[in-house]
Amino acid sequence: MGRFVNPDNSAFQKAVNSEIYVDKTGFLSYTNKVIDTKQAFICNSRPRRFGKSTTADMLAAYYKKDEDTRPLFDKLLISQSESYEEHLNQYDVIRINMQQFLSETHNMEEMLSKLRNYLIMDLQEAYEKIRFREKTSLVQTMKDVFAYTGCPFIILIDEWDCLFREYKQNVDAQKAYLDFLRAWLKDKAYVALAYMTG
């Protein structure tokens, strides 16, 4: 599939292959437990180099439904959990690094526009049989996919807070960004789990 929708698992595979890999897949037992609950919105705030991005890569590899990643997880701690098989490869996953979009654009409006366009394009390419109601609305596109598949999304946002570092004094940009996140994620049936790092 696309670059942001169900990304390949190479980043997590590389981490597992490393000599210094620490198995944190036990965290998946927790995320499995909170899927489709009011606790399904997780913000992981830790200092740099604490494995936040690797955890997001792990979540993407475990949940994404377009590839069997059982060989990657069968030898890890999560394989001993009762919820292991139930959630393995069962969701469409959106994995984005907000810093990437911020650094490739010049202002908040441009960043959010680029993000919407890329995600909509990935979803429309992945689900070309769907008749989309609005070709420019990310929320409606995701509603259409969810109505078609009946499968909610796992949404992973790495570096979600980068905007607050780059636009410290720009309250309008911060408000526009928070309004975007709220409109995209809050009270949406298509969200099974939202995990943000920063």
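Predicted model: local features only at pLDDT ≥ 70, side-chain atom pairs only at ≥ 80, totals over all residues.
**Exercise 1.** Is Asp 161 buried or exposed, and which residue does Asp 161 pair with in a salt bridge?

*Solution.* Start with the accessibility: Asp 161 comes out at 19% relative accessibility, so Asp 161 counts as buried (buried is under 20% relative accessible area, exposed over 50%, partly exposed in between, with a 1.4 Å probe and protein chains only). Next, find the partner: Asp 161 makes a salt bridge with Arg 165, with 3.3 Å between the closest N and O atoms (a salt bridge is a side-chain nitrogen of Lys or Arg within 4 Å of a carboxyl oxygen of Asp or Glu). Arg 165 itself is partly exposed at 38%.

Residues are numbered from 1 along each chain as its sequence is written, and side-chain values use heavy atoms, leaving out hydrogens and water.

**Exercise 2.** Work out which residue forms a salt bridge with Lys 65, and say where the two partners lie.

*Solution.* First, the partner is Asp 92, with the closest N and O atoms 3.7 Å apart. Then place them: Lys 65 sits in the loop between helix H3 (52–63) and helix H4 (70–73), and Asp 92 in strand S2 (residues 92–97), so the pair ties together parts 27 residues apart in sequence (helices, H or I with at least four residues, and strands, E with at least two, are DSSP runs numbered from the N terminus).
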